[in-house]
Amino acid sequence: MSITKPDAVFGRTHEWDDLTRFATDPTPGLQIGVVRGRRRHGKSFLLEHLCEAVGGLYTLALRQSRTMALARFTESLAQTVGYRLGVFSDWVQALDTAVEVLSRGARDGPPLLVLDEFPYLVDHSPELPSAIQALYDRRGPRKGHPPAKLILCGSAISVMSTLLAGDQALRGRAVLDLRIGPFGFRDAADYWEAEPGTAFLVDAVLGGAPGYRDIVGDAPGTGAEAFFRWLERTVLNPSHILFTEPDYLLAEDPRIGDRAIYHAIWQAVSGGASSPTQIGGLVGMDAKALTYHLNIMRDAAFISYGQDLLLQRRPVITVADPAVRFHNLIVQPNLIDLELRHARPAWERSRKTFSDKILGPHFEEIARSWVRRHGAEAGLDDVGQVGTTEVACREHRGHEVDVIALSRSAMARARGGRITVLGEAKCTAKQRTLGDLLRLEHIRDLLTAAGWNAAETRFVLFSRNGFSPDLRGAAASERVHLLDLDSLYGDASVRAC
């Protein structure tokens with residue numbers, strides 16, 4: 001059964017379809033779904049509207065005791081069914097009763113029960129996954145019971161990602177594992193109702209988490225002064241909730257106790273440290289001793305590990321959340337001035353850092369995202385893995401490649417694979433010139449000589465500030481693509497010369 005997505009839900013078409021398909025599936029017995037994602041990505045908003053659409057019961061767990069949580073759950077259930085149900089002594093009894101009474105009152109489809117912020121419940125009731133396993137074993141698809149749906153949702157990624165792993169109680173018992181991520185850069189621009197130049201700046205500061213607009217308000221106006229004023233009243237304002245956003249993010253993960261080491265790791269990685277050895281040197285810990293903390297941050301999606309597509313080398317560690325990167329590079333070094341409300345001099349000192357360490361890397365990431373998500377609109381129709389690499393060159397002491405894409409059939413780091421895209425992404429005030437295209441052609445020749453299938457690769461040049469006449473004149477081939485911000489953000493005049 002198809003359920004129209006509510007007007008209040010922006011985007012999330014695929015996620016809505018997956019959720020409604022799960023919620024209305026007539027398969028007999030209990031089915032379990034897991035929804036996970038970072039804070040402020042809109043999971044709860046989506047699930048609340050799902051429950052409204054199908055008449056389900058949505059319950060949001062709080063940080064409270066086991067007894068209080070059971071009482072809260074009982075009260076929510078009573079309000080939904082319209083009568084009191086007594087007192088539950090444990091979760092086995094509570095969940096079994098909930099499914100039973102919701103099934104009796106189901107309207108047009110299976111009853112739906114959503115337990116949001118599930119990790120809060122597990123924190124004081126570690127037996128809860130086993131209780132759900134017992135519920136499933138009694139009411140599963142082969143037990144002759146009517147259809148029923150249970151969704152477990154949470155922001156603690158490390159907890160939610162292990163629910164279905166290894167020897168965990170729910171392993172093999174869920175049919176839905178939905179990950180809610182941030183908006184892509186184009187959806188984020190539409191969500192903020194911002195033109196490309198402004199949308200890019202907002203995305204570089206806050207990323208694509210839709211929840212930030214609820215606490216920030218509208219996007220800044222155009223121009224440098226409007227952007228500063230927007231920063232001054234939000235992320236640079238010590239009274240604003242975003243001023244200490246990294247603290248709130250770390251609080252999501254129950255495994256993180258002493259937050260100082262994790263803040264230090266974030267700060268080191270934001271500053272450019274990209275390996276355990278480099279991070280350890282800045283933090284003051286041996287790389288091996290740091291492994292446990294890095295694994296926690298990776299599992300919680302606080303840091304990312306990027307693999308070189310062509311070379312066998314250690315992954316490059318980066319900060320996953322733009323808001324955290326901005327905090328560590330701009331807010332933290334100017335903390336005293338910002339707390340004294342001296343935002344203007346703090347921002348003026350930080351503009352070069354913002355340009356070099358935030359806008360530049362973010363523009364490169366958007367360029368890779370464009371190739372991955374939207375390259376087909378410019379004829380790049382054989383794109384598999386997209387990433388970065390380094391190419392050895394005796395003449396120039398090597399080249400860093402901002403954007404490289406392999407064909408769908410090629411495996412990363414398997415020499416001989418077909419390279420379909422080579423790209424350069426520059427966020428500087430200068431226009432890109434013919435020299436940038438010649439550099440990509442030189443890199444292609446080096447890769448071909450090294451045994452890679454790069455002879456037919458396409459070249460893509462990304463520029464925040466346009467292209468010189470000589471480059472436009474030379475790019476008279478369908479194998480060369482020039483993209484500025486308007487093109488990246490979906491302007492109809494995508495330039496594929």
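**View 1. Surroundings of the Asp253 side chain in the predicted model.** The backbone nitrogen of Arg255 lies 2.8 Å from a polar atom of the Asp253 side chain, and the side chain of Asp253 also makes a polar contact with the side chain of Ser158, at 2.7 Å (a pair of N or O atoms within 3.5 Å, where within protein one must be able to donate a hydrogen and the other to accept it, and residues adjacent in sequence count only if both atoms are side-chain atoms). Asp253 belongs to the loop between helix H12 (245-250) and helix H13 (260-270), and is buried with a relative accessible area of 2% (buried is under 20%, with a 1.4 Å probe and protein chains only). This is a predicted model, in which local features need pLDDT of at least 70, side-chain atom pairs count only at pLDDT 80 or more, and totals for chains, interfaces and linings use all residues. Residues are numbered from 1 along each chain as its sequence is written, and side-chain values use heavy atoms, with hydrogens and water left out.

**View 2. Arg325 in helix H16.** Arg325, placed in helix H16 (residues 322-331), is buried with a relative accessible area of 12%. Its C-alpha atom is separated by 8.6 Å from that of Val269, 56 residues apart along the chain. Not counting residues up to four places away in sequence, Arg325 touches Ala204, Ser270, Val319, Lys357, Ile358, Pro361 and His362 (contact means heavy atoms within 4.5 Å).

**View 3. Contacts of Phe354.** Leaving aside neighbours within four places in sequence, Phe354 is in contact with residues including Phe227, Phe326, Ile330 and Trp347.

Note on methods: Helices (H or I, at least four residues) and strands (E, at least two) are DSSP runs, numbered from the N terminus. Buried means under 20% relative accessible area, exposed over 50%, partly exposed in between (1.4 Å probe, protein chains only).
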